[in-house]
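Biologist: Please take a close look at the packing in this model, and at who touches whom. Keep it to contacts, and go through them one by one.

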Amino acid sequence: MENEELIAQVQTRFPEASIVLGNDFPEVSIDSKQLLPVLQTLKTEPSLAFNFLFCETCVDWKTHFTMVYHLESTTHRHNLVIKANLDRVQPEIETACHLYRAAELHEREIFDLFGIIFTNHPHLRRILLTDDWVGYPLRKDYDDPINMIKL
Amino acid sequence: MFEQVSANNNGELVINVGPQHPATHGVLHLLITLHGETVTKLEPNLGYIHRSIEKMCESLSYRQFIYTTSRMDYLSSHINNHACALGVEKAMQIEIPERAEYIRVLMSELTRLASHQLWWGAMAMDLGALSPFFYAFREREVINDIMEETCGARLTMNYFVPGGVMYDIHPNFVKRVKDFIVLFKSKIAEYDELVTGNVIFQNRMKNIGIISKEDAISYGCTGPTARGSGVSCDVRKNYPYSIYKNVQFDEVLEYGCDAFSRYQVRIKEMYQSVRIIEQLIDQIPEGEFQAKTKAVIKLPKGEFYTRVETARGELGVYIVSEGGTTPYRIKFRSPGFSNLSALEHMVKGHKIGDLVAIMGVLDLVIPDIDR
C-alpha cells in the first residue's frame, strides 16, 4: 500500500491519532493508553497486517519520553511508526510482547537504559547493566562523573 | 554472582554456559535449566561487553560516530559503516559518485563472504570438526589481505565516510579480487564436500532448532535465520539501497525451518555474493571516489531510519537529530539482538548437545548484541 493510502486508512480507524508523513515512514502519534488496542488492530486487520516489529526504542525529550515502535508488514511491505508520549515522572506503558515476541528483549533493554515500566511484562529486569546499577544511562540527565568522558 | 551448578525442586539442574565458553563465541552467558539432558529453559544474560555505544554517539559528530559501529558487528564492519553513511547522506541529500557506490557494494559483498567463511569454520569447529576452520581461514585470509591493502585495516575497516569512501581503491584491487574469485570458486566445492554432504553433520543439523515462519517474524528474526524459515526479508531486495537494484542476484530462501536450512541459506548466499562481485568488478566507473561535503556536518531536524543487510540480518540505524552537529539520539537495531531472542524457542525440548549446533548456526556476534 502506498503511504497516502495507508495514512488515510489508519486515520479512519483511529480518528484521535495524529498522523504525519515522516522522512521515511508515516508516523502515528497515539495516546499511550491506546497502545495495545491500536497494535492489536494493526496486526490483525488483513489489509494492514503489521506482523513484524523490527525496532522498538525510546527517546528522552527532557520534558517527556517518546516510545517509538517501527512496524512492518511482511505481506504488504509497508511500514508504520507508532509514537506514544510518556510522563517523565512515572513513565509507564503496556507491554507489546504478547503481540510481538521481539518486544520482550527490546523492552528489557529500554527498561534498563531509560527506566520505562512496561506493565504485564513477564520478567522486567535489567539486561545489559548489572542488577545493582543506579540510574538509567540513556536519560539526558544521567551523570556519571567517573566513567563518562565529556567531549 | 551465579552459582556454577544448582538444582531446583523439580529435579532440574541449572547450569551456566559462558561467559567464557568456546561455543558462545564471545562473552555470552546463558543460564540453562536441564531436565536430564533436555533443555527446558534458557535465559541469556547479556552485558559483559556493553560499551553503551548509543550514549557515546550522542557526543560524537556525524563523521566520528561511524567508527564506533565497526566495533559492533566486527565481522561486517563495512556494512555497519555503510548503514551510518547512508543515513547521513539521506538526511543531507548528498549524491555520492557512482565509483564510490561500486566500491561500497564490492567491499560489502567481500565482507559478507569473509563473515560467512568465519561462521562456517567456527560452526564446524563447534560440532567437533576442526579441519573446516583452517579451510575457511585459508580463503578468508585472502579477503583480509585485499582489505588491508585498500583500507589499511583487517577488522575495523572505517573505510566508508559520508559522501563516499575514504580513499581510492588500491591499484591491485581489481586484479586481486578477480584472482580471489577464481580461487574461491574452486574451493567452495570443497566446503560442500567436507561438511554439507557429510552424513554425520546432516544428522546433527536436521530437525533441530525448528522455528516456524510466523514465529520467526514475531521474534523479529532477520537475515539467514529468518530466510531459513521462508521469510523474505533481504533488505537488498525489498528496500534496495546503493546500487543493489541494478545487480542481478537471488534472495536465498529455504523452507525447512530447521538449523540445516539456515546453514544452506548461508552457503548459497556465498554463491550469490560471488555473483554480485563478478558483475561489478569489471564495471567500476572512473571518476571521483568521494563527493564534496562540508567539513562540519549538521543534519536537519528530524528522524531518519536507514536499514541495510549485514551478514547476520537487518541492521537499522535510527537517528534523531535536533539540527546540531551531534545526534540527539541514536538507536542501532542490531540483527543479533533479535535473533538471540528466538534462541530459547529454538532450543527448548532439545538436548544440550543440540544447543551448540543451533547456536553455531545462529552466528551470534556478541559485541553486536551488547553494543
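Modeller: Two residues are taken to be in contact if their C-beta atoms, placed from the backbone, lie within 7 Å. The model is a predicted one. By that criterion, 26 residues of chain A are in contact with 28 residues of chain B. On the chain A side, strand 3 (52-60) and helix 3 (103-114) each supply at least two residues. Strand 3 of chain A gives the most, with six residues. By class, the side of chain A that touches chain B has 15 nonpolar, six polar and five charged residues.

Within chain B, helix 11 (residues 259-281) packs against helix 14 (residues 352-362) at an angle of about 30°, with the axes 9 Å apart. Because angles under 35 degrees count as roughly parallel, helix 11 of chain B is roughly parallel to helix 14 of chain B. The crossing of these helices is left-handed. Ala259(B), Arg262(B) and Tyr263(B) of helix 11 meet Ala357(B), Ile358(B) and Val361(B) of helix 14. This contact has five nonpolar residues, one charged and no polar.

Helix 11 of chain B also packs with helix 4 (residues 98-126) of chain B, at an angle of about 155° and with the axes 9 Å apart. Helix 4 of chain B is therefore roughly antiparallel to helix 11 of chain B. Here too helix 4 of chain B passes helix 11 of chain B in a left-handed crossing. Helix 4 brings residues including Leu106(B), Leu110(B) and Trp119(B), and helix 11 brings residues including Met270(B), Ile277(B) and Leu280(B). The residues of this contact divide into 11 nonpolar, two polar and four charged.

Technical notes:
Residues numbered from 1 in each chain as written. Chains lettered and ligands numbered in written order. Predicted model: local features only at pLDDT ≥ 70, side-chain atom pairs only at ≥ 80, totals over all residues. Helix = DSSP H or I, 4+ residues; strand = E, 2+ residues; numbered from the N terminus. Nonpolar A, V, L, I, M, F, W, Y, C, P; charged D, E, K, R; others polar. Axes fitted to C-alpha atoms, helices over the stretch in contact; angles between N-to-C directions. Parallel < 35°, antiparallel > 145°, perpendicular 65-115°, else oblique. Left-handed = near helix turned anticlockwise from the far one by under 90°.
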